[in-house]
Amino acid sequence: MATTNPHIQLEVGADTSQATAALDAFGNKVKSTAQTVDTAGKSMGGGFDTIGPAAKAAADKVERAEKTIVAALQRQEAA
């Protein structure tokens with residue numbers, strides 16, 4: 001008996017143009033979202049940068065008010 005080894009060769013083709021277009025659109029949306037998040041982050045970060053100076057200004061006002069109150073009380077006691 002003769003030994004045979006049959007092989008079948010198939011070729012499969014696919015139209016990937018729609019998939020490529022969809023992936024390109026998805027990639028553009030991801031880039032757009034990343035830019036939006038980056039812009040928002042920078043905007044929010046800028047707001048946090050002002051906390052230090054604003055807190056210092058508020059503390060200075062409170063300190064001045066305390067000194068004024070202490071001085072008023074001392075004048076009251078002296079009178």
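Lys-42 is exposed in this predicted model. Its relative accessible area is 59%. The side chain of Lys-42 takes part in a salt bridge with Asp-38. The closest N and O atoms of this pair lie 3.3 Å apart. That distance falls within the 4 Å cut-off, so the contact counts as a salt bridge. Asp-38 is partly exposed, with a relative accessible area of 41%. Both residues belong to helix α1, which covers residues 17-49. Because Lys-42 and Asp-38 are 4 residues apart in that helix, about one helical turn separates them.

Lys-56 is exposed, at 51% relative accessible area. Asp-60 has a relative accessibility of 28% and counts as partly exposed.

Helix α2 also holds the pair Glu-63 and Lys-67. These residues form a salt bridge. Their closest N and O atoms are 3.6 Å apart. Along the helix, Glu-63 and Lys-67 are 4 residues apart, about one turn. Glu-63 is partly exposed, with 40% relative accessibility. Lys-67 is exposed, with a relative accessible area of 55%. With this pair included, the count of salt bridges comes to 3.

The surface also carries a nonpolar patch. Met-44, Phe-48 and Ile-51 make up this patch. Its area is about 350 Å². Met-44 is found in helix α1, the helix that also contains Lys-42 and Asp-38. The relative accessible area of Met-44 is 54%, and the residue is exposed. Patch residues need over 30% relative accessible area, so Met-44 passes this cut-off.

In summary, helix α1 contains the Lys-42 and Asp-38 pair. The nonpolar patch includes Met-44, a residue of helix α1.

Terms used
Residues numbered from 1 in each chain as written. Predicted model: local features only at pLDDT ≥ 70, side-chain atom pairs only at ≥ 80, totals over all residues. Heavy atoms only, no water. Helix = DSSP H or I, 4+ residues; strand = E, 2+ residues; numbered from the N terminus. Buried < 20%, exposed > 50% of the residue type's maximum accessible area, 1.4 Å probe, protein only. Patch = residues over 30% accessible without salt bridge, like charges linked within 9 Å, V, L, I, M, F, W, Y side chains within 5 Å. Areas by Shrake-Rupley, 256 points an atom, 1.4 Å probe, with all protein chains shown as cover.
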